Amino acid sequence: MTGPLAGFTIGVTAARRADELIAMLERKGASVLHGPALRIVPLPDDATLHAATLELVASPVDVVVATTAIGFRGWFEAAEGWGLAGRLHRALEGAVVLPRGPKAKGAVRAAGLVEAWSPSSESNAELLQYLLRMGVSGKRVAVQLHGEPLPDFVNTLAAAGAEVVEIPVYRWEPPADLGPLQRLIEAVVAGQVDALTFTSAPAASSVLRTAPDFGALVSVLRRDVLVVGVGAITAGPLVAAGIPVVQPARSRIGSMVRELALELPSRALRLRIASLDMEMRAQAVVIDGELRPVAPAPMAVLRTLVAARGRVVSRQDLLAALPSGGEEHAVETAIGRLRTALGSPQMVCTVVKRGYRLAMEPA
């Protein structure tokens with residue numbers, strides 16, 4: 001075995017920084033299925049962003065909220081293309097600048113501005129509470145959006161008396177090719193994925209929307225798959241659907257991978273079969289410390305036998321578990337391949353005229 005995630009299959013839904021995340025997971029031994037749930041569409045030529053920027057430079061704001069680094073940088077890049085960068089800088093340098101986290105703070109400083117405060121939790125909720133305590137009645141507040149509207153944030157400020165200027169710097173859209181995401185969702189529902197990672201709330205919403213069978217996907221995510229989000233905002237749509245989400249203490253991709261590498265092995269099912277220790281993973285098993293890959297058809301048979309916990313499973317039930325179905329001889333073929341993959345044929349017993357069982361005491 002090489003790495004704590006060897007033999008585990010991890011689903012990645014990220015579009016931006018996906019290569020970085022995949023590399024981190026693979027360095028820890030994981031196999032990765034990538035199905036980008038979104039794509040970021042910059043808006044350098046967007047009329048709405050242009051109009052919002054012109055409005056802001058004509059009538060400077062009292063407060064500016066920077067929610068993301070990529071968005072804040074993109075705003076200044078677009079303004080530079082329009083010849084408005086200097087005027088935008090002057091309009092913001094007299095404002096109270098509030099970045100949501102360290103990365104947004106870095107973008108603010110790169111633009112030659114100085115932040116007044118930033119929440120330690122890196123959350124919109126703490127940022128909003130700070131604004132309300134500060135008092136926003138009669139003030140103009142610019143809110144840089146992060147791909148989707150922030151109705152709760154904006155409406156709360158407006159209800160407190162603020163004039164809110166929304167800055168839509170980029171937007172999230174479905175991926176140009178939905179195929180990889182659909183294949184990832186199919187693999188999750190089929191039990192071929194151990195964990196599913198999310199780095200943005202819009203991606204989580206997109207996965208739930210894209211699933212052809214919402215109920216089946218949610219059921220699997222609640223019960224069988226470790227769902228990991230980079231932070232509380234990302235986890236929001238999943239938690240709202242009743243899906244448990246593991247989150248790192250710090251909202252960073254590296255922290256998320258470290259949390260996953262600790263949590264996933266600790267949840268693996270471990271069984272004693274034919275005097276051997278077996279640990280289940282989505283597309284592999286570990287037999288007495290040795291990682292042994294298992295193809296999808298024999299793995300489907302193994303999962304069914306494991307669920308029986310030593311009881312006999314009929315050929316008909318095993319045939320129904322096979323991904324592609326087939327005749328009864330397909331079960332015999334899958335059993336043969338399973339015994340070969342396990343490396344210990346005695347782990348799977350043939351019960352004449354009845355079916356097959358694992359060599360363990362029935363539950």
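Ser275 sits in the loop between strand 11 (270-273) and strand 12 (276-281); strands are DSSP runs of E of at least two residues, helices are runs of H or I of at least four, and both are numbered from the N terminus. Although Ser275 is not a glycine, its phi is positive, about 65°. Ser275 is exposed, with a relative accessible area of 56% (exposed means over 50%, buried under 20%, partly exposed in between, with a 1.4 Å probe and protein chains only).

Glu122, in the loop between helix 5 (102-110) and helix 6 (124-134), also has a positive phi, near 60°. Glu122 counts as buried because its relative accessibility is 15%.

## Basis of the model

This is a predicted model, in which local features need pLDDT of at least 70 and side-chain atom pairs count only at pLDDT 80 or more, while totals for chains, interfaces and linings use all residues. Residues are numbered from 1 along each chain as its sequence is written, and side-chain values use heavy atoms, without hydrogens or water.

## Nonpolar core

The largest nonpolar core has 56 residues, of which Leu56, Phe72, Trp75, Leu92, Ile167 and Val188 touch the most other members. Helix 3 (residues 69-81) gives this core its largest share, six residues. At least three core residues come from each of domain 1 (9-40 + 175-267) and domain 2 (43-170), with bounds from an automatic or database domain assignment. A nonpolar core is a set of buried Ala, Val, Leu, Ile, Met, Phe, Trp, Tyr and Cys residues joined through side-chain atoms within 4.5 Å.
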